[in-house]
Amino acid sequence: SIRVSDIGFNAFITLKIECERAGLGDTAAKLAVALVRYCNQIPADKAFHDAGQLCKKANRMNMAFVFFNRYLDLTEAMEDPDGNMIDNSDFANTDVPYDFPLPEKQPSEEERAATEEIRDWVLHISMDNNTEQTLDQRGCENCGTSIYAGTLRCHNCAHEHKPCIISGYPVLRDHVTCQSCSSTANREDWNSYVTRMKTCPWCGGVANPSTY
(Lines give C-alpha, C1' and ligand atoms only; values in the text may rest on other atoms or scores of the structure.)
Protein backbone atom coordinates (compact mmCIF):
# COMPACT_ATOMS: atom_id res chain seq x y z
CA SER A 1 0.00 0.00 0.00
CA ILE A 2 0.99 3.65 -0.47
CA ARG A 3 1.25 6.02 2.48
CA VAL A 4 -0.99 9.07 2.30
CA SER A 5 2.06 11.25 2.95
CA ASP A 6 3.56 9.96 -0.29
CA ILE A 7 0.93 11.61 -2.48
CA GLY A 8 2.69 12.80 -5.60
CA PHE A 9 3.93 11.55 -8.90
CA ASN A 10 5.70 8.41 -7.64
CA ALA A 11 2.52 7.16 -6.00
CA PHE A 12 0.46 7.94 -9.08
CA ILE A 13 2.96 6.16 -11.34
CA THR A 14 2.69 3.04 -9.18
CA LEU A 15 -1.10 3.25 -9.14
CA LYS A 16 -1.28 3.78 -12.92
CA ILE A 17 0.70 0.58 -13.54
CA GLU A 18 -1.51 -1.29 -11.07
CA CYS A 19 -4.70 -0.05 -12.77
CA GLU A 20 -3.41 -1.01 -16.23
CA ARG A 21 -2.67 -4.54 -14.99
CA ALA A 22 -6.12 -4.77 -13.38
CA GLY A 23 -7.89 -3.71 -16.58
CA LEU A 24 -9.05 -0.39 -15.11
CA GLY A 25 -8.42 1.49 -18.35
CA ASP A 26 -10.41 4.64 -17.58
CA THR A 27 -8.71 5.09 -14.22
CA ALA A 28 -5.27 4.43 -15.72
CA ALA A 29 -5.99 7.07 -18.38
CA LYS A 30 -6.97 9.63 -15.75
CA LEU A 31 -3.79 8.91 -13.79
CA ALA A 32 -1.67 9.33 -16.93
CA VAL A 33 -3.41 12.67 -17.53
CA ALA A 34 -2.78 13.71 -13.91
CA LEU A 35 0.90 12.78 -14.24
CA VAL A 36 1.34 15.38 -16.98
CA ARG A 37 1.16 17.95 -14.16
CA TYR A 38 4.56 16.64 -13.05
CA CYS A 39 6.29 16.93 -16.47
CA ASN A 40 8.91 19.20 -14.90
CA GLN A 41 9.87 16.34 -12.56
CA ILE A 42 9.48 13.28 -14.81
CA PRO A 43 10.54 12.90 -18.49
CA ALA A 44 8.11 15.18 -20.32
CA ASP A 45 8.06 13.19 -23.55
CA LYS A 46 7.07 10.00 -21.70
CA ALA A 47 4.42 11.83 -19.66
CA PHE A 48 2.65 13.22 -22.71
CA HIS A 49 3.12 10.00 -24.70
CA ASP A 50 1.59 7.86 -21.92
CA ALA A 51 -1.33 10.26 -21.49
CA GLY A 52 -2.03 10.14 -25.22
CA GLN A 53 -1.69 6.38 -25.42
CA LEU A 54 -3.94 5.58 -22.44
CA CYS A 55 -6.56 8.18 -23.44
CA LYS A 56 -6.66 6.61 -26.89
CA LYS A 57 -7.13 3.14 -25.35
CA ALA A 58 -9.94 4.53 -23.20
CA ASN A 59 -11.56 6.03 -26.32
CA ARG A 60 -11.02 9.60 -25.10
CA MET A 61 -9.91 10.71 -28.55
CA ASN A 62 -10.00 14.46 -27.96
CA MET A 63 -7.64 14.13 -25.01
CA ALA A 64 -5.41 11.66 -26.86
CA PHE A 65 -5.14 14.12 -29.75
CA VAL A 66 -4.00 17.01 -27.53
CA PHE A 67 -1.46 14.97 -25.57
CA PHE A 68 -0.04 13.24 -28.66
CA ASN A 69 0.21 16.63 -30.37
CA ARG A 70 2.34 17.95 -27.51
CA TYR A 71 4.41 14.73 -27.57
CA LEU A 72 5.17 15.28 -31.27
CA ASP A 73 6.14 18.90 -30.57
CA LEU A 74 8.52 17.66 -27.88
CA THR A 75 10.17 15.04 -30.11
CA GLU A 76 10.79 17.71 -32.74
CA ALA A 77 12.18 20.12 -30.15
CA MET A 78 14.45 17.38 -28.75
CA GLU A 79 15.92 16.83 -32.22
CA ASP A 80 16.34 20.56 -32.85
CA PRO A 81 16.41 22.39 -29.50
CA ASP A 82 17.29 25.76 -31.01
CA GLY A 83 14.80 25.77 -33.86
CA ASN A 84 11.54 24.73 -32.26
CA MET A 85 9.18 26.92 -30.27
CA ILE A 86 6.47 24.84 -28.62
CA ASP A 87 2.97 26.27 -28.92
CA ASN A 88 1.31 26.23 -25.50
CA SER A 89 -2.19 27.36 -26.54
CA ASP A 90 -3.72 23.90 -25.86
CA PHE A 91 -2.53 24.06 -22.24
CA ALA A 92 -3.11 27.75 -21.54
CA ASN A 93 -4.97 28.33 -18.25
CA THR A 94 -4.17 24.83 -16.96
CA ASP A 95 -1.80 23.66 -14.22
CA VAL A 96 0.30 21.71 -16.75
CA PRO A 97 3.81 23.24 -16.58
CA TYR A 98 5.07 25.03 -19.66
CA ASP A 99 8.63 25.54 -18.44
CA PHE A 100 10.23 22.11 -18.14
CA PRO A 101 13.54 20.57 -19.22
CA LEU A 102 13.65 18.90 -22.62
CA PRO A 103 14.79 15.29 -22.27
CA GLU A 104 18.15 14.68 -23.91
CA LYS A 105 18.23 11.36 -25.72
CA GLN A 106 18.52 9.83 -29.15
CA PRO A 107 15.44 7.78 -30.06
CA SER A 108 15.90 4.22 -31.29
CA GLU A 109 14.65 3.15 -34.72
CA GLU A 110 11.74 1.43 -32.99
CA GLU A 111 10.83 4.64 -31.14
CA ARG A 112 11.05 6.64 -34.37
CA ALA A 113 8.69 4.21 -36.09
CA ALA A 114 6.23 4.42 -33.19
CA THR A 115 6.40 8.22 -33.30
CA GLU A 116 5.60 8.19 -37.03
CA GLU A 117 2.55 6.02 -36.31
CA ILE A 118 1.42 8.61 -33.78
CA ARG A 119 2.04 11.40 -36.30
CA ASP A 120 -0.16 9.59 -38.86
CA TRP A 121 -2.90 9.09 -36.26
CA VAL A 122 -2.83 12.76 -35.22
CA LEU A 123 -3.04 13.82 -38.86
CA HIS A 124 -6.02 11.51 -39.37
CA ILE A 125 -7.82 12.87 -36.28
CA SER A 126 -7.08 16.47 -37.30
CA MET A 127 -9.19 15.90 -40.42
CA ASP A 128 -12.01 14.20 -38.47
CA ASN A 129 -14.78 16.68 -37.79
CA ASN A 130 -16.38 14.32 -35.27
CA THR A 131 -13.52 14.61 -32.76
CA GLU A 132 -13.11 17.70 -30.60
CA GLN A 133 -9.45 18.70 -30.60
CA THR A 134 -9.45 20.25 -27.13
CA LEU A 135 -9.01 19.13 -23.52
CA ASP A 136 -12.08 18.11 -21.47
CA GLN A 137 -13.66 21.02 -19.60
CA ARG A 138 -15.74 21.38 -16.44
CA GLY A 139 -17.32 24.29 -14.60
CA CYS A 140 -15.36 25.59 -11.62
CA GLU A 141 -17.35 24.66 -8.50
CA ASN A 142 -16.53 28.06 -6.98
CA CYS A 143 -17.01 30.62 -9.78
CA GLY A 144 -18.55 28.64 -12.64
CA THR A 145 -15.83 29.44 -15.18
CA SER A 146 -15.21 26.74 -17.79
CA ILE A 147 -11.82 25.23 -16.93
CA TYR A 148 -9.69 22.20 -17.85
CA ALA A 149 -11.26 19.14 -16.21
CA GLY A 150 -7.94 17.86 -14.86
CA THR A 151 -6.68 21.07 -13.27
CA LEU A 152 -6.38 21.37 -9.50
CA ARG A 153 -6.59 25.17 -9.62
CA CYS A 154 -9.08 27.48 -11.32
CA HIS A 155 -7.28 30.06 -13.45
CA ASN A 156 -10.07 32.58 -12.85
CA CYS A 157 -10.69 32.54 -9.09
CA ALA A 158 -7.65 30.46 -7.91
CA HIS A 159 -9.94 27.97 -6.12
CA GLU A 160 -7.88 24.84 -5.39
CA HIS A 161 -8.71 21.15 -5.03
CA LYS A 162 -6.83 18.23 -3.56
CA PRO A 163 -5.97 15.43 -6.01
CA CYS A 164 -8.24 12.39 -5.90
CA ILE A 165 -6.31 9.45 -4.39
CA ILE A 166 -7.61 7.14 -7.13
CA SER A 167 -7.40 9.18 -10.34
CA GLY A 168 -5.24 12.22 -9.57
CA TYR A 169 -8.06 14.41 -10.87
CA PRO A 170 -9.42 17.20 -8.63
CA VAL A 171 -11.63 16.04 -5.77
CA LEU A 172 -15.05 17.54 -6.46
CA ARG A 173 -18.18 17.86 -4.31
CA ASP A 174 -19.38 14.32 -5.03
CA HIS A 175 -16.58 12.56 -3.18
CA VAL A 176 -16.00 9.92 -0.53
CA THR A 177 -13.55 9.59 2.35
CA CYS A 178 -11.68 6.38 3.14
CA GLN A 179 -12.82 5.18 6.56
CA SER A 180 -9.32 3.88 7.35
CA CYS A 181 -7.00 6.74 6.32
CA SER A 182 -9.40 9.68 5.72
CA SER A 183 -8.07 10.22 2.19
CA THR A 184 -10.59 11.63 -0.29
CA ALA A 185 -11.58 10.42 -3.74
CA ASN A 186 -14.23 11.25 -6.30
CA ARG A 187 -17.12 8.82 -5.80
CA GLU A 188 -17.06 7.50 -9.38
CA ASP A 189 -13.30 6.89 -9.32
CA TRP A 190 -13.44 5.31 -5.85
CA ASN A 191 -16.24 2.95 -6.82
CA SER A 192 -14.52 1.86 -10.04
CA TYR A 193 -11.32 1.06 -8.17
CA VAL A 194 -12.58 -0.60 -4.99
CA THR A 195 -15.18 -2.71 -6.81
CA ARG A 196 -12.25 -4.42 -8.52
CA MET A 197 -9.46 -4.14 -5.95
CA LYS A 198 -11.45 -4.30 -2.65
CA THR A 199 -8.94 -2.05 -0.81
CA CYS A 200 -7.90 1.59 -0.52
CA PRO A 201 -4.72 2.00 -2.57
CA TRP A 202 -3.21 4.40 -0.04
CA CYS A 203 -3.59 2.55 3.24
CA GLY A 204 -4.49 -0.98 2.14
CA GLY A 205 -7.59 -0.94 4.30
CA VAL A 206 -10.62 -2.97 3.23
CA ALA A 207 -12.86 -0.71 1.16
CA ASN A 208 -16.36 -0.90 -0.28
CA PRO A 209 -18.14 1.03 -3.01
CA SER A 210 -19.94 4.12 -1.79
CA THR A 211 -23.68 4.48 -2.44
CA TYR A 212 -25.51 7.76 -2.62
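Modeller: In the protein chain, 51% of the contacts with a separation of 6 or more are between residues 24 or more positions apart; contact means heavy atoms within 4.5 Å.

Biologist: What should I know about the model and numbering?

Modeller: This is a predicted model: local features need pLDDT of at least 70, side-chain atom pairs count only at pLDDT 80 or more, and totals for chains, interfaces and linings use all residues. Residues are numbered from 1 along each chain as its sequence is written, and side-chain values use heavy atoms, with hydrogens and water left out.

Biologist: How many helices and strands are in the chain?

Modeller: Six helices and four strands, in the order α-α-α-α-α-β-β-β-β-α. Both are DSSP runs numbered from the N terminus: helices are H or I with at least four residues, strands E with at least two.

Biologist: New topic. How much space lies in the largest pocket?

Modeller: About 440 Å³. On a 1 Å grid over the protein atoms alone, a pocket is an open set of points where a 1.4 Å probe fits, with protein on both sides within 12 Å along at least five of seven lines; lining residues have an atom within 4 Å of a point. Points are joined across faces, edges and corners, and the volume is the space filled by probe spheres set on them.

Biologist: Which residues lie nearest its centre?

Modeller: Tyr71, Thr75, Pro107, Glu111 and Thr115, out of 20 lining residues. Helix 5 gives the most to that lining, with eight residues.

Biologist: And the lining by class?

Modeller: Five nonpolar, four polar and 11 charged. Ala, Val, Leu, Ile, Met, Phe, Trp, Tyr, Cys and Pro count as nonpolar, Asp, Glu, Lys and Arg as charged, and the others, Gly among them, as polar.

Biologist: Is Asp45 buried or exposed?

Modeller: Asp45 is buried, with a relative accessible area of 6%. Buried means under 20%, exposed over 50% and partly exposed in between, with a 1.4 Å probe and protein chains only.

Biologist: What does Asp45 touch?

Modeller: Leaving out residues up to four places away in sequence, Asp45 touches Tyr71, Leu74, Met78, Pro103 and Lys105. Asp45 itself sits in helix 3 (residues 44-57).

Biologist: How many residues of helix 2 are buried?

Modeller: Nine of the 11 in helix 2 (residues 25-35), Lys30 being one of them. The cover includes helix 1 (9-21), helix 3, helix 4, strand 2 (146-148) and helix 6.

Biologist: Where else does Lys30 turn up?

Modeller: In the lining of the second largest pocket, among the residues nearest its centre. That pocket has a volume of about 240 Å³.
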